Structures are given as structure tokens and as C-alpha cells.
Amino acid sequence: MVVDAQLQKPLRPKDGTAGIERPKALMESIAEDPRHLVALSSRHVVSSRQFDRDTLTQLFRLAAQYESTPALMHLPLQGKILISAFYEPSTRTRLSFESAWHRLGGDIMSITDPKSTGMAKGESLADIAEMFNNYGDVIVLRSNQDRAIYEMLDTLRIPIVNAGNGIDEHPTQAMADLYTIFKWRPELLDPELPANRRVRVGIIGVPNRMRTVRSLLLLLARFSSAFSEVVILTDETEPFDPGQQEELAEQGLSVRVAQDLNTELPGLDVVYINAIAWVGDGYEEMGADLKLSTASPLKQGAIILHPLARGEELSTDLDGTPHNWYFAQARGAVFIRMALLTCIVRRISEVMDTP
């Protein structure tokens, strides 16, 4: 009997602090200032618009600290309960939130089907929120309805985190995206970065239909001094909502729309690609002809990001290349969510005083 060769050797121990991810370099490039994190205590997290540059920078530092020193981890959320309410299919977002919570020492109650809740009987979201107040310390909600999370806010007395609401926003995914970019090149956090050190970002997606893209653009605008230009690559004729592009321009983010992917790729340092927009109970694929593979004319040293799950738009032949930062992006999402959850559920001053 022949045993598969892959079963005849032990697995290599994983080391998330080595290789391309470099969390320690990012952590050491940011001066610690917990004042900005203290303000997050007992706050909802619904939109990228809630976060300023200083708060995000300190969240990135705390995430990098969690990622680079796992052996020193204490359990700041021991005894706390997370209500994980995912009313729309999810793998990475749900598991990364739950992994983050477990790593922080907390317990979890999960809901993965709205039909198993009072919603199936016509119960209002406000009443469901009232019940959640009694059962947990924080809620993470994913819903295919844009307004669902907003309808719960008036009743809630515990924080809620938006894990994706229809085509509106996905703020923690955008945080994970920026966390990845700044680990790749920490100097981009310097507000006085010379123009010749700034990078060009290409986003293959539709800002008014894709929540990941909408939230990412809002956070990129917080760090507009790092990016010489953002190029939206799409075959849509109207990729922005009214006022959406103007809001970004007001914060100094230079945004341009283009259709020819291969013409733009050689000049892009970061390429972000997504092809799925969640609409109602399903999803639609967009930009089917905008694809990346090893045959694409990517700039040497450029990195590729993708919120995942991917389809044919991102070829697996890129997985073994230096362009692949999308797996590091997915892994880093755990640590940025650890940082955020720590701050909103437990006062950061308490955490930092804990031996």
C-alpha cells in the first residue's frame, strides 16, 4: 500500500511574525498613544467615516502588537460574550471575528440563519436588539439589508460591529486592507512622506455597489498623503453614487476612473480586486472581463489584495508569486479585529495596565 508523500512528513510550524507580513516593523514605526483608543470604549462600529487617521494608526499598532507577540498574550475579554449574528453567508469574516474573540479569552454565541430567530415570526429588529442587550457584551452583525444595523441602534445598550450590511459598508474589512498595506510599507504612515515615495493604488471594483470598495476608499482618504493616485478600474459607466467621489476629493484623495486594466497595471503599486456585490438574498458578479493572472503586466514589487472569496477574477497561478498578499491580508484581519474588539468592549487603559 502506497501512502501519499504529503502524509509522511510533519507540518511546518507556522510563524506569522516572519516572511512578508512583518507586523513588528509596523509596530515599531508607530509611537504608542492610547488616548485615541480609549475613546472607542462602548462605541458602535458601523461606518468607516467614524475613524480618523490617529485612531486608525493606533489600532494598527495594537493589531501589530497582538500579531508579533502572541506568546505574551493575556486574555483581556475573559468572561465576555460575543453574539455573532451572520444573516448572510460568510467564511473569513465570521471565522476571523470568532477567532479574534477566542484569542482574547471570550465566549461566543452564534446565529447563522435568521430563520432560527424571532425574525422568522416577524419580530422587529429593535426588539431583537433589546434581547441582545441581555445576552451578550457585543454584537457582530452581517446582514444583506443596508439599514438593518441602523434600525437596531436606538435600542442597543451594548456595542455592535458592522460585518457587512448589503452594498453599504464593511469597515473592518477596510481596516484589514489598510493594515496589510502599512505592514508592506510602514513608511506610508508618515504624514510628511515625500511625493516620490507615495504609491499608486488600483481598485478593480465598483464603489457604489461593493461595500468593501466603498469602505476602503473612505479609509484610504484618511491617509491621502500616502497615495499619489487611486485608479478605479471598472466597466461600469456610473461607478459612484452622487457625491461619493467628491467626498473623497475633499479629503485630498486623487481618484480617477479607467477601463483598460492592462494599460494601468504597470504603473500600480497596490492592486485591489473584487468581483462580488451582495444584493438582497444573493450576489451579482461585476467586471467579469477584469482578471489577474501571471500573464497580467503587473509592476515588479506590486502587491495584490482581495477580500476573498475569489472566483475566476484572481487566478491561483498568482498564489506562489511575491504579488500574493491576499492570504496575509486574510490572516491579518484576525489581529485588527482583536484590536478593535479589545477597545470597544474593555477600556484600553485597563488592558494596558494588565501584566
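**View 1. The loop around L193.** L193 sits in the loop that links helix 7 to strand 5 (199–204). Helices (H or I, at least four residues) and strands (E, at least two) are DSSP runs, numbered from the N terminus. The model is predicted: local features need pLDDT of at least 70, side-chain atom pairs count only at pLDDT 80 or more, and totals for chains, interfaces and linings use all residues. Residue numbers start from 1 along each chain as its sequence is written, and side-chain values use heavy atoms, with hydrogens and water left out. L193 is buried, at 4% relative accessibility. Buried means under 20% relative accessible area, exposed means over 50%, and partly exposed lies in between (1.4 Å probe, protein chains only). L193 and S225 are 32 residues apart along the chain, and their C-alpha atoms are separated by 6.9 Å. Residues up to four places away in sequence aside, L193 touches E187, L188, R198, S225 and A226. Contact means heavy atoms within 4.5 Å.

**View 2. Helix 3 against helix 7.** Two packed helices are described by the angle between their axes and the distance between the axes. Here the axes of helix 3 (residues 53–68) and helix 7 (residues 171–184) come within 10 Å and cross at roughly 75°. Axes are lines fitted to C-alpha atoms, for helices over the stretch in contact, and angles run from 0 to 180 degrees between N-to-C directions. Helix 3 and helix 7 are therefore roughly perpendicular to each other. Angles of 65 to 115 degrees count as roughly perpendicular, under 35 as roughly parallel, over 145 as roughly antiparallel, and the rest as oblique. From helix 3, the contact takes in L56, L59, F60, A63, A64 and E67; from helix 7, M175, L178, Y179, F182 and K183. Nine residues of this contact are nonpolar, none is polar and two are charged. Ala, Val, Leu, Ile, Met, Phe, Trp, Tyr, Cys and Pro count as nonpolar, Asp, Glu, Lys and Arg as charged, and the others, Gly among them, as polar.

**View 3. Helix 7 against helix 8.** Helix 7 packs with helix 8 (residues 211–222) at an angle of about 55°, and their axes are 8 Å apart. That makes helix 7 oblique to helix 8. Their crossing is right-handed. A crossing is right-handed if the near helix is turned clockwise from the far one by less than a right angle, and left-handed if anticlockwise. Helix 7 contributes P171, Q173, A174, M175, D177 and L178, and helix 8 contributes T212, S215, L216, L219 and L220. The residues of this contact divide into seven nonpolar, three polar and one charged.

**View 4. The nonpolar cores.** The largest nonpolar core has 74 residues; L59, F60, I203 and L217 touch the most other members. A nonpolar core is a set of buried Ala, Val, Leu, Ile, Met, Phe, Trp, Tyr and Cys residues joined through side-chain atoms within 4.5 Å. Helix 11 (residues 326–345) gives the most to this core, with 12 residues. Neighbours within four places in sequence aside, I203 contacts V213, L216, L217, L220, V230, V231, I232, L233 and Y272. A second, separate core holds 17 residues, including V46, A85, I111 and A129.

**View 5. The cis peptide bond at L308 and A309.** L308 and A309 are joined by a cis peptide bond, with omega about 10°. A309 is in the loop between strand 11 (303–305) and helix 11. L308 lies in the loop between strand 11 and helix 11. L308 is not a glycine, yet its phi is positive, at about 60°. L308 is buried, with a relative accessible area of 19%.

**View 6. S42, a residue with positive phi.** S42 belongs to the loop between helix 2 (35–38) and helix 3. Its phi is near 60°, a positive value in a residue other than glycine. S42 is exposed, at 57% relative accessibility.

**View 7. The loop around G267.** G267 is in the loop between helix 10 (261–264) and strand 8 (270–273). G267 is partly exposed, with a relative accessible area of 26%. G267 and V201 are 66 residues apart in sequence and 9.0 Å apart in space, C-alpha to C-alpha. Beyond its neighbours within four places in sequence, G267 contacts R200 and K299.
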